[in-house]
Amino acid sequence: MMKEERAIAKVHPHHQAMAGILDQAPLSPRHYRLWLLATAGPLLSGVSMMVLGISLPLLRAPFHLSPSSTGLAAASLMGGTIIGALLSGHLADRFGRRPLLIANALGLLLAGIWLSLTPNTILLILGELVLGIAVGGDFPVGSSYISEFMPQNHRGRMLAASMALQPLGMLLSAGVALLLMHGSGTTWRWLMAWQAGLALPYFLGRWRLPESIRWLMAHGRNQIASAELARFAPQRSTELQRMGRELGNRTHAVSKIPIRSNTAWRVLFTKEYRRRTWLVTLPWFLMDMATYGIGLFTPILLASMSVLPERLPTWQKDWINTLHTTEVDFLLLAGALTALWLVPRFGRMQMQIQGFLGMTLGLLLLWRATTAHWSFFVLFLGFALYNFAMTVGPNATTFILPTEMYPTQVRALGSGFAAAFAKIGATLAVFLLPILQRDLGVGLLLLGMALLSLLGGILTYTFRVEGHGLTLEEHHGSLPLRARQLEG
């Protein structure tokens, strides 16, 4: 406890006041604009996953895709997110949030154009890799940016709203696919181009974004920080200008331990932060193994569970399976919207644990339905329960937690490491799923994912950190008694 008190004592009163203004500011149109322009990662994550899942059946014949090459194309998208999250998170802590937000948007735009023009399997795989790097890179930077700007009472809700764009992107892409599928061999190209179209406004809009005020304070750029903060509190403009001048280049450092740029990685595994690192990585890893495997191959899994006439052309089968997928994925959006209310009300830990349990039940229902040859309605119900529980809980909370568990100097790095670790699970799932489906069958595959979901809930309970209602600075200074006990 003495170490935490010394960390608080080093904080200049002006920095405390500026952080307080950020936390207490009323939610304004400016906040919504910043939020919207920082959400490309979740939106394009859902879009890219759905577009590739729909496109793969259409590409099997023209590109001669085998199960291995199908899995490799999907794994390239997921593998790219690992590279992007690690690299972008580290660079955003060093050079700022804004430059990386612009770079990631450019990557999304160029990757979408590339994929729409690709002539063969090799370039398809490389294009998905580039797209994955941009998507993965935007997750830690965008989430850190939103977390650092949003008022305290709205931070959890706005971060949960960011993840609601992931299922929205999936549904929008499924709707576009249903409109475009008409037997033409170019349908998949238009779907790939759809990704570039969505990335364009992010690329153009991000040029006018301000740098994160908390990042500026953490790097001693206090006069710029105070000028930006005055836009949110214009009535205190004169006072903020004075604060910025008096602070000079003094850094705002609220952390359990001293942090140096050349040892930033080590902070995540120190005694003070190790428990938090396990909390934000292990459950997210397990969730992504189940979620990305199920999500990316939902059309394929639904096709294997339903009976369609063999004489139907591939595009018609894909259209029917996409329609079924869209119906199931509406529950993803319903869960994500419900999370906007439940996560701030009941806290991250409770919603993550309950969500993992709901995912487990949904997958067990799917497993039993496939092994007992129950009706398609029961299969649909299992998918619906799984999707709702996932988005109302872990899909939102695993995105939120890394932005709160680490101080500003390593916030994007910690978020990037957590996202990258999770995407390792996603990459393994999407690469192995087609092969495991062929060798083990759908039933055993679903049972294994149910066990992974149950383990995610157990690990969340084991490493839980109760910080409900704390500011970002309070997470790393003088914590309430319950939080100290759980971390001790």
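Of the 488 residues in the protein, 61% are buried, meaning under 20% relative accessible area with a 1.4 Å probe and protein chains only, against over 50% for exposed and in between for partly exposed. This is a predicted model, so local features need pLDDT of at least 70 and side-chain atom pairs pLDDT 80 or more, while totals for chains, interfaces and linings use all residues. Residues are numbered from 1 along each chain as its sequence is written, and side-chain values use heavy atoms, with hydrogens and water left out.

The fold comes out as 22 helices and zero strands (DSSP runs numbered from the N terminus: H or I of at least four residues for helices, E of at least two for strands). Take contacts (heavy atoms within 4.5 Å) between residues at least 6 apart in sequence: 85% of them join residues at least 24 apart.

Helix H2, residues 13-24, spans 16 Å from first to last C-alpha, close to the 16 Å expected (1.5 Å times one less than its number of residues). Its buried residues include His-14, His-15, Met-18 and Asp-23. The buried residues of H2 pack against helices H7 (121-149), H10 (213-218), H11 (222-229) and H12 (237-247).

Leu-440 lies in helix H20 and, at 48% relative accessibility, counts as partly exposed.
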